[in-house]
Amino acid sequence: MGALQTEIERRGERIFDLVDQHPESLFSKAGFYQRMMALSMRDEHFKVQLFRFVDVLASLHRGSDIVQHLDEYFAGMRNGYAPLIRTGLFLAKFTPWISGQALRWNVSGMARQFIAGRNPKDVMKMLRKRRSQGIGFTVDLLGEAVVSEQEANEYAGRGLELLEHLGRETRGWTDPLGKNTELFPVVNLSVKISALYSQMNPADPADAIIHLAPKLRPILRRARDLGAFVNFDMESYAHKNATLELFRTLFTETEFRDWPHVGIVIQAYLRDAENDLLDLLDWGRARGTRFAVRLVKGAYWDFEKIKSRQNGWACPVFLQKPESDLNFELLTRILLENESTVTAAFGSHNVRSIAHAQALADQLGIDRSRFEFQLLYGMAGPVKRALVEMGYRVREYCPVGELLPGMSYLVRRLLENTSNEGFLRAKFSENVSEDELLRNPADLISQGPNGARHVEVSSDGASLDTPAGDTYENAALVNFVYEQNQDRMREALAHVRTQLGQKYPLVINGERVWTEKTIASINPSSPEDVVGHVAEAGIPEAERAVKAARDAFEKWSRTSFETRCRLLERAADIMHRRRFELSALEVFEVGKAWAEADGDIREAMDFCRFYAHEMRLIGRPRLTQHVLGEESYQHYWPRGVALIIAPWNFPMAILCGMTTAALVTGNTVIMKPAEQSAVIGAMLMEIFEEAGVPPGVLNYLPGKGSVMGAHLVDHKDVDLIAFTGSREVGLRIWESAGKTREGQRELKRVICEMGGKNAVIIDADADLDEAIVDTIYSAFGYQGQKCSACSRLIILEEIYPRAIERLLNAAASLRVGNPEEPGITVGPVIDGTAHKRILEYIDIGKNESRLAFQRADVPQKGFFIPPTIFTNVSPKTRIACEEIFGPVLSVMKARDLDEAFEIANSTEFALTAGFFSRSPANIERAKAEIVAGNVYVNRSCTGAVVGRHPFGGFKMSGGGTKAGGADYLLQFVVPRVVTENITRHGFAPETTPLYRDEFLGPR
């Protein structure tokens, strides 16, 4: 055993001895809180329900509502406490006004376990008490979720007010240790950066700094005047780089360059924490003035893990707790070895981590007064007392604020207290031995194949882990947190700009075909810029394409499904290689923001790989039943020539999705992109040619829908039509396809996806932080030009005033502009025709309803429509019933949930819907009663992911098909059964294979 480990154990044992002299349970407040936490550690389901109930409680105002939610969360418990819970619920229902208040009081007590005070005056009582115990403070103003700039400005104002109050009330206070006090001002304020700007976007840290710096400078100036310390808190990984850059930018400014009383957090659970710390130290040395680092493990582990898995990203945090502990010790060494540059604050409750810092500092000859330990308010009281008794500086992290804005903080603390791997639980609740608690974390890290040490990470942050077996996995979104991805997107935009204005031919039977007429595709942000000139097909070219597709069908339909699947997978690989280029093209041609464009390319890749995966599942003939003496196999034949008519709003994904579904099932294709996105269609044709699609199997045919498109819809040799677009055009296609033309061989199959008038409902108990952000994105993301976009918002009367205030302020804070700039939410609408139509609807809305909000500062150049919100909207008005396809939102008030569902279901569309609620019973009602093809609960109603959210509607939104779903390919084929009598002279095989080879005929 090394000398350092020996010293760590000695110091750790000393801390434990002192802790045991002042025994205290994990939960210093007895009663309700202690019992609830103890039970939650024994029953995971109870824990989940308890934390969800705690989360919603602050938004409930009536005793009856509190008791109702209590019943919904806990009535179904099936543990040993179920009889007691049911008895309590039974009694609570008799006096809900008393029971509700008692519950609120108890949960408020639970919050007070972790929240030091409601306001600056309230928190001073606790700070004075801690001062008498030799413990300092850093005060954190709760409220990390702001949805608007008004809320962000209010947070900044409260921060300044808190700073003034602390400075006034602590005048004359001195540092408890009385040594090296110049490093540790008495007043210490922690600031949450995300609470100061509502439009932070990982892709655009420069914009964040532009908006955050002016809000922070007054706080910093006043802190310096008061002799206070300011620390920048670190939150989710998405904001990490912007926070670091903001810190370096501000404190390199001449005004603050020589101020040492500033600090920032480094989170040891992050894989790149070491690099960040080393970069900070380099910056600090160049700056020439001390600064501080608070080293913590990190509080967003669950969130980061969930977010990364959903998006296909490499998880930025270590997946094993001992890895975070080990990294904490590595970073501790770096901090202490650079003590001449940085003042260290070690934020941990883990006695091993604390003892390591003590032992290492002693080994390096660093006086204990030159660093400090920081621990959370309401946790690990005995450890704090032990450290004070040992002569170390201890500072308590003290959150201040009301219960509602502090709820996310409270839930994180509850998770930390009850974590299976948490140190406090191990020591104070489960009595794990001191020897075990003081073990070197390096000895505890799993070395197995699934251990965190083996996670592969690509240079752009995408996960390289692949699932075992025959499992489909979505492509990762590009993570614009990473600077290299931001740079690649900028480079792609610069490159694509040099390619604008090129000419693109038709492709028929593998040949380039030029026509006299061309379609000019323009940049909606800058209409004088032509993205490309695309050859316009007429009826002669349409006839030629049908013949080419018909001639190619015989061979392609007899090509093995595995060959077809590999074609799709090669196309996906090419898209991945050209991903940034294709995204940049979408920015120019259809006005998509960076993340929206990338999402479209990711969806196209997903369609390729998902449909290849699904074709392998249905490609082989399958035995219908096992019957002795007979074998019957069902399989699928392609339908013939498929006409694909795609929209411009998802120019690569939808065109690719319908095309690949037709190709992989053995059909030949005539691909007609929208005129507005014909260059992107040309890129898809180019990709498939590179992937090796045979001549005639895929034909690229842009042209006027009213001329060439209508001719193909009526053509006798077109067997299948896959259409996504407006209701008006879709119904014409549906009607036309029902007519049988002379010489027609097949009944035409129509796969028709049309529009929506999608509603989002906000229930009375909804989390408005989530509901407002997601509704704003659903309504105004990509300018409302998604068939899934929210165009009707229905708010329950009880929550309406607060919800509408926050909604309007959030809309006023949106970034509107040219989507070439990162971080833009609202760009231009697609063209002049759409621009004129949407403005006409806005005029209609002004006569039908109340114009509550309309953005004034939109760019004059380009087809920009101001985000617009109408209130007092009647469900029967035109703006509430007709699809507008632009950034226009109609808001309606509902008395109760019955009326809300009635309004939501009242239109002729049934595509998507959203529901925000924290009532389990109401959520179940929404799942059962909302009439829509895709119902989203507590999330945005846009952004369907292939395979995960099969997409499509019914009523006047479509024929009930689900793109990206397991049964979608069945729309492109006809089923066929082949039955053979296999009995010969009374003899037959005992078994018949479940699957057999394809019926491909002679080769």
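View 1. Searching the whole structure gives 25 aromatic pairs, where rings of Phe, Tyr and Trp (its six-membered ring) pair if their centres lie within 6.5 Å, and planes under 30 degrees apart count as stacked, over 60 as edge-to-face and the rest as tilted. Phe 53 and Tyr 73 form an edge-to-face pair because their ring centres are 6.3 Å apart and their planes stand at 70°. This pair links distant parts of the chain, 20 residues apart: Phe 53 belongs to helix H3 (residues 44-57) and Tyr 73 to helix H4 (residues 63-74). Helices are DSSP runs of H or I, at least four residues, numbered from the N terminus. Phe 53 is buried at 3% relative accessibility, and Tyr 73 is buried at 6%; buried means under 20% relative accessible area, exposed over 50%, partly exposed in between (1.4 Å probe, protein chains only). The model is predicted: local features need pLDDT of at least 70, side-chain atom pairs count only at pLDDT 80 or more, and totals for chains, interfaces and linings use all residues. Residues are numbered from 1 along each chain as its sequence is written, and side-chain values use heavy atoms, with hydrogens and water left out.

View 2. Asp 325 lies in helix H13 (residues 321-337) and is buried, with a relative accessible area of 10%. Not counting residues up to four places away in sequence, Asp 325 touches Lys 297, Asn 350 and Pro 441 (contact: heavy atoms within 4.5 Å).

**View 3. Leu 319 in a loop.** Leu 319 sits between helix H12 (301-311) and H13 and is partly exposed, at 29% relative accessible area.

How values were computed: Helices (H or I, at least four residues) and strands (E, at least two) are DSSP runs, numbered from the N terminus.
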